[in-house]
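Please read the following alongside the sequence and the model.

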Protein chains: 4
Amino acid sequence: MKPVLGVGMVGHAFMGRVHSQAWRSVSAFFDLPVVPSMAVLGGRSPERTAEAARRLGWAAAETDWKRLVQRDDVQIVDVCTPGDSHAEIAIAALAAGKHVICEKPLANTVAEAEAMAEAARQAAARGVRAMVAFNYRRVPAVALARRFVAEGRLGEVRHVRAQYLQDWIADPEFPLVWRLRRDRAGSGALGDIGAHIVDTAQFVTGRNLVGVSALTETFVRERPLADASEGLAGGSRTGEKGTVDVDDAALFIGRLEGGALASFEATRFAAGRKNALRIEVNGSKGSLAFDFEAMNELWFHDHTLDGAEAGFRRIMVTEPGHPYAGAWWPPGHGLGYEHTFTHEVKDFLEAVAAGADPAPSFEDGLRVQRVLAAVEASAADESRWTVV
Amino acid sequence: MKPVLGVGMVGHAFMGRVHSQAWRSVSAFFDLPVVPSMAVLGGRSPERTAEAARRLGWAAAETDWKRLVQRDDVQIVDVCTPGDSHAEIAIAALAAGKHVICEKPLANTVAEAEAMAEAARQAAARGVRAMVAFNYRRVPAVALARRFVAEGRLGEVRHVRAQYLQDWIADPEFPLVWRLRRDRAGSGALGDIGAHIVDTAQFVTGRNLVGVSALTETFVRERPLADASEGLAGGSRTGEKGTVDVDDAALFIGRLEGGALASFEATRFAAGRKNALRIEVNGSKGSLAFDFEAMNELWFHDHTLDGAEAGFRRIMVTEPGHPYAGAWWPPGHGLGYEHTFTHEVKDFLEAVAAGADPAPSFEDGLRVQRVLAAVEASAADESRWTVV
Amino acid sequence: MKPVLGVGMVGHAFMGRVHSQAWRSVSAFFDLPVVPSMAVLGGRSPERTAEAARRLGWAAAETDWKRLVQRDDVQIVDVCTPGDSHAEIAIAALAAGKHVICEKPLANTVAEAEAMAEAARQAAARGVRAMVAFNYRRVPAVALARRFVAEGRLGEVRHVRAQYLQDWIADPEFPLVWRLRRDRAGSGALGDIGAHIVDTAQFVTGRNLVGVSALTETFVRERPLADASEGLAGGSRTGEKGTVDVDDAALFIGRLEGGALASFEATRFAAGRKNALRIEVNGSKGSLAFDFEAMNELWFHDHTLDGAEAGFRRIMVTEPGHPYAGAWWPPGHGLGYEHTFTHEVKDFLEAVAAGADPAPSFEDGLRVQRVLAAVEASAADESRWTVV
Amino acid sequence: MKPVLGVGMVGHAFMGRVHSQAWRSVSAFFDLPVVPSMAVLGGRSPERTAEAARRLGWAAAETDWKRLVQRDDVQIVDVCTPGDSHAEIAIAALAAGKHVICEKPLANTVAEAEAMAEAARQAAARGVRAMVAFNYRRVPAVALARRFVAEGRLGEVRHVRAQYLQDWIADPEFPLVWRLRRDRAGSGALGDIGAHIVDTAQFVTGRNLVGVSALTETFVRERPLADASEGLAGGSRTGEKGTVDVDDAALFIGRLEGGALASFEATRFAAGRKNALRIEVNGSKGSLAFDFEAMNELWFHDHTLDGAEAGFRRIMVTEPGHPYAGAWWPPGHGLGYEHTFTHEVKDFLEAVAAGADPAPSFEDGLRVQRVLAAVEASAADESRWTVV
């Protein structure tokens with residue numbers, strides 16, 4: 001019989017729902033050395049947490065995360081709360097000897113992220129593992145992109161252009177939910193979705209950003225207040241308005257180690273773009289392009305072919321030889337958003353079982369946090385070049 | 001507490017794996033009046049079935065489907081076997097008072113399908129429900145297409161062109177798996193994937209095929225024999241060859257009730273097409289196009305708009321107002337192949353709870369079977385027009 | 001100085017306008033052994049023909065094609081009239097020793113086409129050349145497709161699916177223009193656009209159709225009468241209605257020499273499809289796909305690549321190594337519809353100068369005509385298989 | 001009879017060839033109040049210029065542009081030379097009372113552009129017209145995009161993202177042609193293609209850039225020397241290397257009047273992208289997207305539609321109601337690169353005939369030049385925000 005690891009998850013909104021599906025499904029598709037059990041769900045409201053635990057399939061519910069991270073039936077803590085509580089929960093969980101998987105961005109500030117990375121380093125020395133949940137690394141097409149770059153298929157990387165385009169707050173009457181509050185979310189589009197494209201660009205190319213020049217903007221500066229809610233859509237309106245103190249959009253240009261140029265844009269005001277996390281990489285021997293709105297496809301141009309037959313090819317990343325894909329369905333039978341999380345917990349569990357550090361580490365999360373801080377610093381200083 | 005309905009599933013190969021994921025997930029995403037429990041898995045080999053039950057999360061295993069359909073902890077029988085056993089299992093299950101969901105094609109012959117439809121009619125009179133599992137009806141984009149036609153957005157339907165293109169047997173060395181044997185599968189591409197586009201075309205347009213003219217072909221007439229296997233890929237080769245006695249490809253043209261023209265093509269020899277179930281419908285007021293390889297998109301042309309701004313629009317079928325989509329993730333966070341089955345069992349469970357007949361019924365399955373028979377008859381008779 | 005060949009063109013409607021642009025432009029882009037001069041334009045109305053000659057750049061105008069084909073300043077006759085006059089004009093021109101390029105379909109009946117092919121054979125013996133103007137062969141992407149098949153890149157061809165979809169008569173109030181009259185046009189969608197996909201399929205694969213099974217339909221059987229007009233849009237309405245005696249749509253399935261299966265659909269009722277001449281070819285080693293609405297692109301799947309990196313690639317057919325493309329602009333600076341005609345007259349002039357027979361020949365045009373006749377015969381005989 | 005205006009064109013390389021096709025074709029498709037005649041072609045080499053004049057259809061040849069601009073048979077001077085001679089030729093032609101159409105970028109420096117704009121202002125007072133040839137404004141899809149914005153279909157513009165991606169110098173062995181020399185071309189990708197996206201963005205939105213922050217890079221700093229050549233491909237190699245003193249790529253972010261954010265990228269190192277001039281605009285009521293590699297398509301998202309049926313729609317910009325398109329072919333029969341120039345000279349001739357100032361004016365060209373200068377200044381000053 002395989003060892004069972006109990007999971008305690010804190011938070012049951014959007015991220016909690018999708019992480020639950022990952023824990024619920026992973027063992028049916030991947031032959032893992034350990035078996036996760038959905039032990040306990042943490043949340044603030046006793047009624048809502050119990051109801052969520054029942055619906056999502058958690059064996060128990062806790063309203064105090066401090067108790068949750070100490071429970072004997074918990075070996076893994078999964079942090080799915082807003083960014084303002086990541087550091088406190090994750091550090092406590094690591095101190096309690098629990099392996100931690102923490103949602104992104106790692107924290108709301110560089111200082112918090114540094115403390116978390118330090119805690120992870122100390123925990124690793126005791127065999128306790130930590131991972132930050134940049135789920136888009138686990139899109140099979142993104143993992144394949146990384147493989148192509150690592151194998152040298154692109155040659156020397158010269159350009160990266162990355163965008164994360166959404167439109168869910170384009171309407172000025174959309175309420176002031178927690179993701180639009182600096183005290184909860186740390187920043188706006190920058191930390192929520194900009195963090196993803198920074199991590200994706202660094203992951204795919206294997207190169208870190210060394211400096212940036214940035215612009216940010218808040219298009220809608222006042223929004224209706226709504227009842228407190230952990231959900232993205234907010235609750236009923238109160239009739240009052242509140243101030244938006246985070247960015248609606250962030251644009252930045254930068255350089256990667258090795259000299260490639262990169263451009264980034266994160267916005268929730270791109271009408272008609274729903275979840276367009278896009279990245280294109282151009283190298284001396286080839287290029288790659290990806291758009292999450294067609295997440296089962298990777299576009300690859302092999303520049304070493306004869307020009308008369310070269311072109312961007314649409315690889316359906318559903319073949320047995322593709323990352324993660326062989327565990328699921330026959331070719332052409334695509335995966336969806338949630339599968340990226342199933343892959344994430346699969347990799348996390350394998351690392352824990354192997355006594356290895358999972359990736360992306362808290363250190364990787366800190367590195368992204370430093371980029372976000374550099375973006376904010378540049379935007380506040382006439383877009384001046386700012387070293388990461 | 002909601003009533004619990006025990007499920008007994010027969011078969012644990014490809015279809016069994018995906019049905020398991022549906023039963024496992026459905027209650028977490030849909031607020032259903034009843035709760036399914038994964039009671040017992042049926043299979044022929046004691047070892048393989050027990051192992052599959054453990055991995056897929058079934059509480060028990062049975063090697064005799066006749067016992068399975070009689071078990072007290074089973075209220076629903078899910079038939080995931082090859083077509084040659086559908087009739088026997090489904091009829092026995094209905095006779096035992098179990099609701100039945102049966103994989104497609106409903107049967108291997110019209111006679112079997114007629115017996116099944118008759119059994120379903122008799123069972124319905126006793127409050128026992130039956131459904132055939134044409135899962136592609138539950139792609140949100142396909143359900144939206146049907147809604148557009150039903151609402152009159154296309155006007156009078158004039159053309160349907162449907163294709164189901166795969167390439168997994170294009171290699172002549174691919175072995176003679178059960179889907180290439182008439183005694184097990186009934187037919188080749190025709191019944192396996194042609195059945196899906198016939199059902200999809202009839203579902204989306206709300207019109208049945210009234211006649212067809214057809215061609216079929218077997219490109220590779222001998223293939224390596226492999227160890228018996230329920231899987232698509234076959235087991236190890238025996239060194240001998242066997243005769244392929246089913247079609248590799250089927251083409252047919254026909255007419256729908258109301259006068260629309262339709263063309264169909266089912267093949268597993270379309271190199272580079274992995275699971276391209278495609279349908280386009282042209283009407284007097286608009287058109288629709290869909291390709292399963294981009295399953296989260298529906299293309300809609302509104303022909304009543306001014307010509308200067310009209311065009312096929314790519315609707316990301318991930319909005320709260322779209323069929324099924326609201327239960328899952330925010331807009332743009334797409335679904336995958338397996339979700340069509342989750343939607344299927346959701347609709348099935350709701351119908352069972354409501355005491356209503358689920359759709360597609362065994363009668364619908366029989367109707368598709370009659371089309372397949374007409375295709376084979378026409379192909380055998382100089383492509384002559386054959387009334388369904 | 002290069003020899004000058006005078007061109008006499010009959011017809012100045014749609015085809016006349018685009019042929020004029022070809023004659024006007026060809027020498028500036030291709031270094032030809034002969035130089036065409038736009039000598040004389042033929043039309044029925046003295047005023048309209050003179051005005052068209054002035055506007056389109058023809059040196060003279062003639063209202064009697066019989067005089068035109070006898071003129072000493074004419075060495076080439078370009079037939080751009082409706083199909084009912086092709087045979088008479090082309091045969092007379094060949095008899096007068098003029099090289100002939102004739103619009104498609106070659107004729108309105110097989111008998112006419114046979115007479116034309118016979119006249120062309122006799123003329124060729126005297127060094128007089130004839131060509132039928134299937135312009136889509138000269139789309140660079142289509143010519144590249146043919147090259148790929150000829151080079152064996154597709155292996156054994158197994159499937160062809162060809163469609164020509166337009167929507168310009170979907171509105172029942174669109175008038176009864178000449179293309180909807182059997183006496184002028186010979187047939188409807190079948191001869192006008194179906195002829196193109198038959199020729200394209202045979203050209204790209206290098207294989208002829210050997211038999212077909214067909215359906216045709218006239219969706220709108222009465223249409224408003226309009227003043228006689230050579231234009232596609234018709235003139236002002238007369239208030240009366242007339243009978244449409246040609247097909248609105250034609251569907252057929254068939255077999256090519258060598259055993260490939262093929263499906264064809266020609267319609268002018270596909271709302272939202274403007275000029276979607278599409279062809280896909282699947283072979284044992286690769287596949288090709290083309291859509292004229294994106295005419296500068298050819299999609300090629302190389303099935304011999306490792307599955308993990310294979311996929312349909314979008315070749316921008318604008319490279320120096322591509323057919324015709326090097327004569328024009330740098331890569332990525334696409335061509336349009338009219339360029340297919342410029343390429344056509346370029347190839348025609350080179351053949352004439354070389355004393356060689358241009359392709360497609362009148363014999364090729366006759367072959368297409370026989371397919372159209374087989375389609376009509378099958379459609380009239382319960383879709384029965386009809387040998388070409 | 002319509003008045004005839006003689007054209008004298010200076011330069012017969014790439015731009016000269018395409019302008020010739022425009023002058024050659026425009027009267028056949030547009031019913032203009034004046035008729036251009038291709039009077040004289042200017043070039044440096046007597047032999048090459050005479051040969052080009054013959055091939056391209058110019059009545060005469062001149063080797064001294066100073067004589068050309070004074071000729072009595074010339075009323076229009078078309079400047080198709082590299083940027084280092086634009087100012088001198090255009091100013092002399094205007095002084096000689098000739099209408100001028102000048103290739104972009106208007107000049108190599110702001111000072112030259114200012115002098116040209118001043119000369120144009122003075123000439124306009126005398127009824128002499130000047131236009132800068134930003135041809136991409138005349139892509140029907142781009143003109144339609146501008147119309148949509150002007151009509152308010154996009155609401156308040158919030159984002160512009162523009163890219164011009166090519167790959168023709170990605171190979172380090174590509175020679176040091178004139179476009180890679182600062183003394184001839186003024187700058188690299190920035191002036192050659194970056195100028196186009198700046199103009200296109202300002203044209204489509206109707207808003208000017210007010211400030212930028214920029215990065216530029218020269219990836220390949222030494223290249224083989226080749227014989228002097230006006231062509232893009234360069235002549236035979238000399239065996240020596242020379243220094244590239246222009247940018248290979250330029251990235252910049254900025255703000256438009258009214259507060260929209262904008263990002264720009266111009267590069268010739270995007271392997272696989274041949275002529276991808278792309279622009280996307282997001283507004284509060286809708287969005288637009290365009291890519292020149294599919295130049296007959298405009299993608300439009302109407303954000304005021306119900307979310308369940310909204311999506312980016314592919315408008316084939318070939319309808320009679322679209323800008324320029326009605327003059328050409330039936331819907332779906334696309335145009336190519338050269339047509340943008342035909343539209344350009346059509347608009348120019350109409351303005352000249354009407355005694356009106358054509359657009360874009362030299363003042364518009366100067367405005368683009370100021371943006372390019374701001375980009376270079378910012379890139380040289382730590383990407384600091386630079387007001388245009």
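The crossing of helices H1(A) and H9(A) is right-handed, a crossing being right-handed if the near helix is turned clockwise from the far one by less than a right angle, and left-handed if anticlockwise. This is a predicted model, in which local features need pLDDT of at least 70 and side-chain atom pairs count only at pLDDT 80 or more, while totals for chains, interfaces and linings use all residues. Residues are numbered from 1 along each chain as its sequence is written, and chains are lettered from A and ligands numbered from 1 in the order in which they are written.

The axes of H1(A) and helix H9 (residues 339–354) of chain A come within 8 Å and cross at roughly 65°. Axes here are lines fitted to C-alpha atoms, for helices over the stretch in contact, and angles run from 0 to 180 degrees between N-to-C directions. Helices (H or I, at least four residues) and strands (E, at least two) are DSSP runs numbered from the N terminus. On the H1(A) side the contact includes A:Trp23 and A:Phe29, and on the H9(A) side it includes A:Phe341 and A:Lys346; residues are in contact if their C-beta atoms, placed from the backbone, lie within 7 Å. By class, this contact has seven nonpolar, four polar and two charged residues. Ala, Val, Leu, Ile, Met, Phe, Trp, Tyr, Cys and Pro count as nonpolar, Asp, Glu, Lys and Arg as charged, and the others, Gly among them, as polar.

The next level is the domains. Chain A is assigned domain 1 (4–136) and domain 2 (139–358 + 367–379), with bounds from an automatic or database domain assignment. Their centres, taken over C-alpha atoms, are 22 Å apart. In this chain, 36 residues of domain 1 are in contact with 39 residues of domain 2. On the domain 1 side, two or more residues each come from helix H1 (14–29), strand S5 (99–103), helix H5 (110–125) and strand S6 (130–133) of chain A. H1(A) gives the largest share of that side, nine residues. The residues of the domain 1 side divide into 24 nonpolar, nine polar and three charged.

Between chains, 33 residues of chain B are in contact with 32 residues of chain C. S12(B) supplies the largest share of the chain B side, four residues. That side has 13 nonpolar, 14 polar and six charged residues.

How are chains B and C related? A rotation of 180° with 0.0 Å of shift along its axis superposes chain B on chain C (RMSD 0.0 Å), so the two copies are related as by a two-fold rotation axis. The superposition is by least squares on the C-alpha atoms of residues with pLDDT of at least 70 in both copies. In chain B, the C-alpha nearest the axis belongs to B:Arg384, 2.2 Å from it.

Chain D holds an open sheet of six strands in the order S3-S2-S1-S4-S5-S6, with parallel pairing; two strands pair if DSSP finds at least two bridges between them. Its edge strands are S3 (60–62) and S6 (130–133) of chain D, each pairing on one side only. The twist averages 25° from one strand to the next. Strands S1 (residues 4–10) and S2 (residues 35–42) of chain D run parallel and are joined by seven bridges, and D:Gly8 stands opposite D:Val40 in S2(D). Helix H2 (residues 46–56) of chain D packs on the sheet, touching S2 and S3 of chain D, and its direction makes about 160° with that of S2(D).

Note on methods:
Two residues are in contact if their C-beta atoms, placed from the backbone, lie within 7 Å.
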